[in-house]
Amino acid sequence: MSSSARRRETIAECLSDLQSDSVDSQLKSLQTLASITKVSPQNRNLIAQTDGAISTLLTLSKSPAPLIQPLSLSILFNLSLNPDLKPLMTEMETIHHLNSLILHTTTSPESTRLACSLICSLAILDKNKAKFGVAGTIQVLVKSISGPRTPTTHHLLSCLAELVQFHGNCTLAVRSGAVNLLVGIVESSADYGEDLAGTSLGILSLLARFEEGLTALIGSDEVVRFLVDVLQGRCMLSKEGAVEILVRVFDEDEEHLRDASELPEMVSLLADLSVRGSSKAREKAGLLMKKMMEANFAPLL
């Protein structure tokens with residue numbers, strides 16, 4: 001028997017066992033499928049081409065039995081790595097189920113992380129981003145992130161970052177209160193950690209690309225002071241987000257440019273960043289310096 005035929009036989013046997021009432025048989029088959037789909041695009045296609053395979057895995061991902069749910073989600077995530085399977089898997093039923101996994105407090109951290117990873121994988125295909133917006137995923141993520149910090153908060157933020165790259169989802173995020181939520185996380189970086197603060201700044205910079213997000217940011221209390229405080233921190237990811245937002249804020253409102261120029265530490269912060277920052281931060285810091293000089297607002301060093 002050829003290796004291809006053996007793979008097909010193994011997959012068929014596993015999928016058949018998933019229909020049994022034996023949790024042990026289901027668990028063993030899920031472990032096998034998780035293993036063979038981890039690195040093989042061909043195996044992923046073979047499973048997806050089997051009638052009812054994806055729906056069976058989706059049903060099992062609702063199981064309360066230990067390990068059944070995360071293993072099912074793991075296989076679904078593996079399948080989603082094949083670009084041609086992403087449209088097939090982005091059905092409203094699947095999205096609503098993933099939303100419910102994120103919202104339910106009884107969902108294990110592992111299942112929540114896998115649900116977020118699956119959303120990110122499916123949403124990498126730009127055409128799928130709008131489907132998540134229509135299905136309410138943005139509101140679900142904002143609500144979940146607004147709760148107490150958990151081991152899954154980083155995954156939730158990463159998921160939101162992927163989805164708000166679509167303009168319509170950016171609008172939904174702003175209207176759901178994401179701006180104040182993300183600003184709060186950055187301001188509480190001592191509690192959340194620099195990584196989460198940096199991711200939050202990155203999302204804010206994505207939201208600020210569009211009028212709704214930028215207006216919400218400008219309307220927040222002391223936005224310039226907030227961003228300058230970020231520049232005084234240690235996290236380069238946060239600094240990149242801060243200078244990118246400042247460029248947009250200054251373009252929108254000259255008064256904020258004047259406010260920034262009146263801060264004695266502003267020029268030295270930008271000068272330091274233009275020399276010792278990342279390439280992205282250096283570029284934006286140089287642009288900010290130029291804007292301040294051209295407006296004749298910059299104080300003398």
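Predicted model: local features only at pLDDT ≥ 70, side-chain atom pairs only at ≥ 80, totals over all residues.
Q: What does "buried" mean here?
A: Buried means under 20% relative accessible area. Exposed means over 50%, and partly exposed lies in between.

Q: OK. Which residues of α9 are buried?
A: Asn-128, Lys-129, Phe-132 and Gly-133 are buried in α9.

Q: Where do they sit around the axis of α9?
A: They are on the same side of α9, because they cover an arc of only 155° around the axis.

Q: What do those buried residues pack against?
A: Other helices. The buried residues of α9 pack against α6 (86–89), α7, α8, α10, α11 and α12 (167–175).

Q: And which exposed residues are on the face turned away from the buried side of α9?
A: That face carries Lys-127 and Val-134, and these two are exposed.

Q: What follows α9?
A: Gly-136 does, and its phi is positive, near 85°.

Q: Back to Lys-129. What does Lys-129 form a salt bridge with?
A: With Asp-126. The closest N and O atoms are 2.8 Å apart. In general, side chains of opposite charge can pair when their charged atoms come close.

Q: How far apart are Lys-129 and Asp-126 along helix α9?
A: They are 3 residues apart in α9 (residues 126–134), so about one helical turn separates them.

Q: Which residues are in a network of salt bridges with Lys-129?
A: Asp-126 and Glu-162 are linked with Lys-129 in a network of salt bridges.

Q: How many salt bridges are there in the whole structure?
A: A search of the whole structure finds 11.

Q: Give me another one. What about Arg-225?
A: Its side chain meets that of Asp-229 in a salt bridge, at 3.0 Å from N to O. Both residues lie in helix α17 (residues 223–231), 4 residues apart, about one turn of the helix.

Q: What about Lys-280?
A: Lys-280 forms a salt bridge with Glu-244, with the closest N and O atoms 3.0 Å apart. Lys-280 is in helix α21 (residues 279–294) and Glu-244 in helix α18 (residues 236–252), so the pair ties together parts that are 36 residues apart in sequence. Lys-280 is partly exposed at 37%. Glu-244 is buried at 13%.

Q: What classes of residue line the largest pocket?
A: The lining has 6 nonpolar, 10 polar and 1 charged residues.

Q: And the second largest pocket? What is its volume, and which element gives the largest share of its lining?
A: Its volume is about 170 Å³. α17 gives the largest share of the lining, with 3 residues. Asp-229 is among the lining residues, and Asp-229 is also the salt-bridge partner of Arg-225.

Q: How many charged residues line the second largest pocket?
A: The lining has 4 charged residues, alongside 5 nonpolar and 3 polar ones.

Definitions and conventions. Residues numbered from 1 in each chain as written. Heavy atoms only, no water. Salt bridge = Lys/Arg side-chain N within 4 Å of Asp/Glu carboxyl O. Buried < 20%, exposed > 50% of the residue type's maximum accessible area, 1.4 Å probe, protein only. Nonpolar A, V, L, I, M, F, W, Y, C, P; charged D, E, K, R; others polar. 1 Å grid on protein atoms, 1.4 Å probe; cavity = no way out; pocket = protein on both sides within 12 Å on 5 of 7 lines; lining within 4 Å. Points joined across faces, edges and corners; volume = space filled by probe spheres on them. Arc of directions from axis to C-beta. Contact = heavy atoms within 4.5 Å.
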